[in-house]
Amino acid sequence: MTKEMNRKHRKLDRIDRAILAALQADGRISNVALAEKVHLSPSPCLERVKRLEADGYIEGYLAKLSASKLGFGKVAFVQVSLERTTEDVFSDFKAEIMTSPFVAECHMVAGGYDYLIKVRFDDVESYRSVLEQVVKFPGVSQTHTYMVIEQVKVEPEVPIDGF
């Protein structure tokens, strides 16, 4: 097994998991506070964090922003069906999605349609503008929209310990 494969499949110990949980809860925690929280001294703690970053367990750090204050407080899910399911149509659609500021998420799905996208907007007028842009994406043949009335659970965190 190569060194890269060992890194990819390395099991996380209790301390690694504690570090991940603490950073997921507060990405701005200082190394000293993190070390104290996971019962390590600062140097080994920092080494573990750097290893977790290098191994890809930590993809980055970001701030949670207020979507409503920034004019994107409303959410809808849009099912998208494409005219054809060929590689060039998929590729063109994906390229357009990647440049779209109002698309928060896009998932290729198996089933009765091709993609499920999550869009953010401020009001009905801005939603109409969003939908007008979505239907112009390359290869789109049909859309169905589901407006979010209430967000019951939004969990950006990834489970650390499994089930």
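This is a predicted model: local features need pLDDT of at least 70, side-chain atom pairs count only at pLDDT 80 or more; totals for chains, interfaces and linings use all residues.
## Aromatic residues

The model contains 5 aromatic pairs. In one of them, the ring centres of Phe-93 and Phe-137 lie 5.9 Å apart with the planes at 70°, so this pair is edge-to-face. Planes over 60 degrees apart are counted in that class. Phe-93 belongs to helix H5, which covers residues 87–98, whereas Phe-137 sits in the loop between helix H6 (124–134) and strand S4 (140–147). The two residues are 44 residues apart, and their pair links distant parts of the chain. Both Phe-93 and Phe-137 are buried.

Phe-137 also pairs with Phe-102, and here the arrangement is stacked, with 6.4 Å from centre to centre and 15° between the planes. Phe-102 is located in the loop between H5 and strand S2 (103–108), and Phe-137 in the loop between H6 and S4, so this contact ties together parts that are 35 residues apart in sequence. Phe-102 has a relative accessibility of 6% and therefore counts as buried. For Phe-137 the relative accessible area is 5%, which means that this residue is buried too, since the cut-off for buried is under 20%. Phe-93, Phe-102 and Phe-137 belong to one aromatic cluster, together with Phe-90 and Tyr-115.

## Strand S1 and its partners

Strand S1 spans residues 74–82. Of its 9 residues, 7 are buried, so S1 is largely enclosed by the rest of the structure.

S1 is joined to S3 by 7 bridges, and these two strands run antiparallel. Within this pairing, Val-75 has Arg-120 of S3 as its bridge partner. S1 is also joined to S4 by 7 bridges, again in an antiparallel arrangement. Here Gln-79 stands opposite His-144 in S4.

## The largest pocket

The largest pocket has a volume of about 1,500 Å³. Its lining consists of 40 residues, and those nearest the centre are Gln-24, Leu-62, Lys-64, Pro-156 and Glu-157. Helix H2 (14–25), strand S1, S2 and strand S3 (115–121) each give two or more residues to this lining. The largest share, 5 residues, comes from H2. By residue class, the lining divides into 22 nonpolar, 7 polar and 11 charged residues.

Where in the chain does Pro-156 lie? Pro-156 is found in the segment after S4. With a relative accessibility of 62%, Pro-156 counts as exposed, because the class of exposed residues begins over 50%. Pro-156 and Lys-64 are 92 residues apart in sequence, while their C-alpha atoms are 9.6 Å apart in space. Both residues are among those nearest the centre of the largest pocket.

## Cysteines

How many disulfides does the model contain? The count is 0. A disulfide would require a pair of cysteine sulfur atoms within 2.5 Å.

Definitions and conventions. Residues are numbered from 1 along each chain as its sequence is written. Side-chain values use heavy atoms; hydrogens and water are left out. Rings of Phe, Tyr and Trp (its six-membered ring) pair if their centres lie within 6.5 Å; planes under 30 degrees apart count as stacked, over 60 as edge-to-face and the rest as tilted. Helices (H or I, at least four residues) and strands (E, at least two) are DSSP runs, numbered from the N terminus. Buried means under 20% relative accessible area, exposed over 50%, partly exposed in between (1.4 Å probe, protein chains only). On a 1 Å grid over the protein atoms alone, a cavity is a set of points where a 1.4 Å probe fits but cannot get out, and a pocket is an open set with protein on both sides within 12 Å along at least five of seven lines; lining residues have an atom within 4 Å of a point. Grid points are joined across faces, edges and corners, and a volume is the space filled by probe spheres set on the points. Ala, Val, Leu, Ile, Met, Phe, Trp, Tyr, Cys and Pro count as nonpolar, Asp, Glu, Lys and Arg as charged, and the others, Gly among them, as polar. Two strands pair if DSSP finds at least two bridges between them.
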